[in-house]
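Q: Please take a close look at the ligand site in this model. I would like to know what surrounds the ligand and how it is contacted.

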Amino acid sequence: MKKRNKHIYLLSPLYIYLILFFFAPIFILFIYSFWLKSSSGFIHTFTLQNYIKIFSNPLYLTVIRNSILIGLVTAVICVLASYPVAYAIAFKYKKLQDVILYIILISLFSSYLVRVYAWRIILGRYGLINQILIYLKLIKEPLTFFLYSPTSVIITLVFILIPFTILPIYSSLTNISIDLHEAAADLGANKFKTFFKVTLPLSKSGVTSGFIFSFVLATGDYVTPQLVGGTQGLMIGRIISDQFGMAFNWPFGSSLAYFTLFLIVLTVNLFIWIVKILKIGR
Amino acid sequence: MNKIVNRRFKISFLDIINIFVIIFLMLPIMVIILYSFSSTSTTVFPLEGFTMKWYKEVLENRLFISALKNSVYVGILVSLISIIIGTLASFALTRYRFKFKNIISTTVLFPMTIPAIILGISLLSFFSYLEIPLSLLTVIISHALFCIPFVILIMNSQLIGFDVSVEEAAMDLGANAIQAFRYVIFPIIRPSLVGVMMITFALSFDEFLITFFVIGRQNTLPIIIWGMLRRGVSPTINVISTLVLVISMTLILIVNRYAKIKTFM
Amino acid sequence: MSSENELLIENTYKNFGNVSAVKNFNLKVEDNEFVTLLGPSGCGKTTLLRIIAGFEIPDSGDVLLNGKSIVNIPPYKRPLNMVFQRYALFPHMTVYENIAFSQFLKKKPKEEIKNKVKKMLELVQLEGFEKRKPDQLSGGQCQRVALVRALINEPKVLLLDEPLGALDLKIRKDMQIEIKNIQERLKMTFIYVTHDQEEAMVMSDRIVLMRNGEIIQIGKPKEIYNYPNSIFSAKFIGENNILDGEVLEIKNDHLVIDINGLNILTNKTSNVKIRDKVFLAIRPEKIKRIYTIENKSFDNHIVGKIEKIVFFGSTIKYYVSISEEIFLVIEEKVAEENNKHVKGNNIGDEVNLRFSKEDVDIFLK
Ligand SMILES: Nc1ncnc2c1ncn2[C@@H]1O[C@H](COP(=O)(O)OP(=O)(O)O)[C@@H](O)[C@H]1O
Ligand SMILES: [Mg+2]
């Protein structure tokens with residue numbers, strides 16, 4: 001009766017908004033990817049030429065591959081580094097819990113652009129690390145291995161994105177009751193066994209979503225590679241955005257975006273599948 | 001006894017990782033704030049001199065003031081739009097059972113999970129296809145798009161804990177739907193709404209990449225920060241960055257005051 | 001309150017998906033009556049109450065108040081009020097504001113509201129608590145506030161959904177009496193839901209025993225206790241010894257039932273045949289011990305061994321094994337003479353038990 005359909009009224013503003021400003025735009029971007037650029041504008045046709053172009057120039061494939069690799073490495077480091085933090089906040093630091101969560105949230109909500117920029121100040125050739133080391137007379141010449149390279153991009157991305165992995169892992173860990181730990185201990189499981197048989201499997205959802213978050217955000221990042229990556233750290237975001245800027249080849253930019261998105265979705269699903277077949281803890 | 005004392009002061013491997021992560025989370029923020037007071041125009045160690053001159057310079061800069069105004073204007077409208085749309089949807093998702101609910105509740109999160117650059121160029125293509133001129137309005141529309149999923153996620157976690165029988169009690173005592181909302185539901189969820197408002201404002205206030213594609217002639221703060229970064233190091237960047245950081249941190253402080261942050265996760 | 005204040009529930013059905021929560025429900029509740037819906041958890045009590053209150057719309061059937069159908073009236077317009085399972089107090093309002101809420105919505109003058117709330121607080125002895133918030137009250141106090149918040153509206157019928165479910169046993173017992181007293185004093189109709197049969201016995205004028213959405217038996221507490229109409233009633237209301245057997249012989253004035261080799265005589269009922277599988281139910285207090293075996297003959301005379309003794313204050317229970325498979329519980333008033341002098345009060349002692357055939361209820365399987 002009347003009550004039955006109330007949810008539709010409540011959801012309709014959202015539906016309208018999403019259809020108009022989300023599904024329509026990504027659909028239009030899809031259409032663009034089959035058009036062509038001409039001197040006077042875009043030719044409205046249907047051709048796969050843009051997609052073929054991606055494969056014809058190794059630059060694009062290399063950059064896409066590098067971007068995905070950087071994303072994967074960043075995500076793995078993020079998960080590995082945030083698990084102990086999330087675990088400690090959930091089970092160990094009872095008193096400090098709020099303070100640490102607060103620090104993580106401040107970091108999460110403080111300007112991303114500013115934080116990347118700060119890492120440039122820290123990591124640069126004449127950045128703070130080198131200056132401090134020289135000041136302390138530990139080195140004579142600035143260290144360069146972490147400068148303007150994929151390494152510096154990964155370091156920066158890890159610290160920018162780690163709140164996105166700590167929080168989901170933390171919240172999945174808090175759903176595990178202490179009772180379960182105690183029960184496992186009661187049944188004679190030692191600490192490591194408890195961890196691998198009880199804690200880790202139950203926090204799988206947090207790890208999965210943390211990994212996906214950091215992987216997607218890292219792979220598609222635009223600011224970090226430009227500020228700390230140098231020429232070695234070029235990533236796909238820059239190339240796509242150039243097509244919408246200087247190159248003014250929107251159709252090609254769209255196809256690059258769609259191709260990258262396809263690979264990202266593929267990788268994410270591969271990851272989910274691996275987690276599934278690994279059957280951690282069973 | 002000895003054992004207990006030992007345990008208390010033992011620093012484990014776990015603690016070291018934690019300390020390390022937390023230092024590196026705070027480090028960039030500290031560096032920026034510290035160097036905004038540095039009297040040298042480059043970042044040198046150790047810090048030389050203390051000055052407020054860069055602050056003065058920034059606060060007298062018209063470009064900065066207008067960008068700040070724009071950012072606040074966009075942030076307020078974005079948080080209003082996304083709170084209304086998101087909260088209504090969250091009520092539907094937490095209160096009613098209906099077909100395809102699971103699919104729908106995942107679909108609504110898409111705008112949050114797609115890389116920002118793709119969202120940015122999609123919206124740019126869309127606006128240009130429909131010949132909608134780029135302006136702060138297009139920025140607001142775009143920001144609300146990725147803020148709505150945040151509102152839904154947070155409000156869902158709040159509303160799931162909301163005892164529906166409280167609302168029914170109001171109706172039982174003679175309140176119609178509007179009165180029940182006004183006198184009972186709204187006052188109860190108000191702290192969460194304030195929290196969500198601050199969070200969406202902060203999200204919008206900091207957003208750079210999508211804005212970069214859909215903004216017209218005007219500027220928001222992240223856009224002018226980006227412009228400065230590309231042009232090279234200027235000490236005023238540190239000042240603007242510090243101001244932006246302070247605004248975000250204040251918002252999070254307010255959120256924490258009104259609604260325990262822990263309940264948001 | 002008018003005397004023709006009567007609630008009628010007719011042929012009501014309600015399904016949730018393929019769960020049938022309420023089935024073919026028919027009930028008439030008289031004015032000033034205290035009716036209890038009793039049944040195990042999940043049997044549809046809450047659903048029925050919500051149908052009466054207007055929060056659920058029945059799939060079919062009708063609810064009539066004074067002869068007028070109310071199923072299409074929204075909850076906020078129904079002249080009924082409900083006390084919710086978990087109090088459902090408004091957490092952001094004070095006790096005063098909670099109680100005054102319905103009167104405030106009715107736009108009653110401030111003075112009148114004030115007086116009414118005062119009276120209500122007196123009714124449940126909560127004077128001085130006006131300014132407290134619900135989280136500053138104990139469970140029992142919350143329950144009282146919830147009760148008067150509904151009562152202030154002078155409902156034609158008050159619906160109470162397990163209002164004491166969350167309270168300690170002691171407070172619960174006190175509140176049972178208190179609620180019953182209030183109902184008698186205000187002369188109102190109460191429909192009360194509980195899964196606790198003892199609570200139902202203490203409070204109700206009439207009990208509606210439910211299972212799987214259906215009515216099993218309706219009657220005064222005493223009637224249901226003494227004359228259960230089904231094995232379910234016999235098991236659910238009060239304590240009973242349930243025995244599983246088969247009809248062995250049908251005599252002129254009695255039946256002989258075989259329980260694993262033990263023969264028990266029962267009253268004759270018309271609808272059984274030889275070899276029918278049956279349940280027998282015997283109340284623990286109906287089984288008597290025989291201390292001196294004279295030549296008297298009893299309908300049923302059984303010898304057993306005491307396995308366990310539990311002391312309840314005014315009563316005492318003996319758990320007696322008759323054979324490997326058969327156990328009986330017997331209950332006695334504690335009286336001095338059979339406490340000390342008589343032998344047969346220790347675990348392991350042999351006891352002689354008797355009960356008459358009238359005290360055995362028999363149900364076909
Ligand atoms: N909103 C609902 N949706 C689906 N099933 C329900 C709903 N409400 C109750 N039920 C089901 O209906 C049956 C009766 O529930 P209820 O009336 O709450 O029982 P009781 O109050 O006697 O414990 C149960 O099986 C329950 O699971
Ligand atoms: Mg119930």
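A: What follows describes the surroundings of the ligand, from its position to its contacts and cover. The model is a predicted one.

Ligand 1 sits between chains B and C. Its shell contains Arg97(B), together with Phe16(C), Val19(C), Ala21(C), Ser41(C), Gly42(C), Cys43(C), Gly44(C), Lys45(C), Thr46(C) and Thr47(C).

In terms of secondary structure, two elements of chain C, strand E2 (19–29) and helix H1 (45–53), each provide at least two residues of the shell. The largest share comes from H1(C), with three residues.

Contacts to the backbone of chain C involve oxygen atoms of the ligand. For Gly42(C), a backbone N or O atom lies 2.6 Å from an oxygen atom of ligand 1. At Cys43(C), the distance between a polar backbone atom and an oxygen atom of ligand 1 is 3.2 Å. For Gly44(C), the corresponding distance from a polar backbone atom to a ligand oxygen is 3.1 Å. As for cover, ligand 1 taken alone exposes 560 Å², and the protein buries 66% of that.

Conventions: Residues numbered from 1 in each chain as written. Chains lettered and ligands numbered in written order. Predicted model: local features only at pLDDT ≥ 70, side-chain atom pairs only at ≥ 80, totals over all residues. Heavy atoms only, no water. Near = heavy atom within 4 Å. Polar contact = N/O pair within 3.5 Å; in protein donor to acceptor, adjacent residues only side chain to side chain. Areas by Shrake-Rupley, 256 points an atom, 1.4 Å probe, with all protein chains shown as cover. Helix = DSSP H or I, 4+ residues; strand = E, 2+ residues; numbered from the N terminus.
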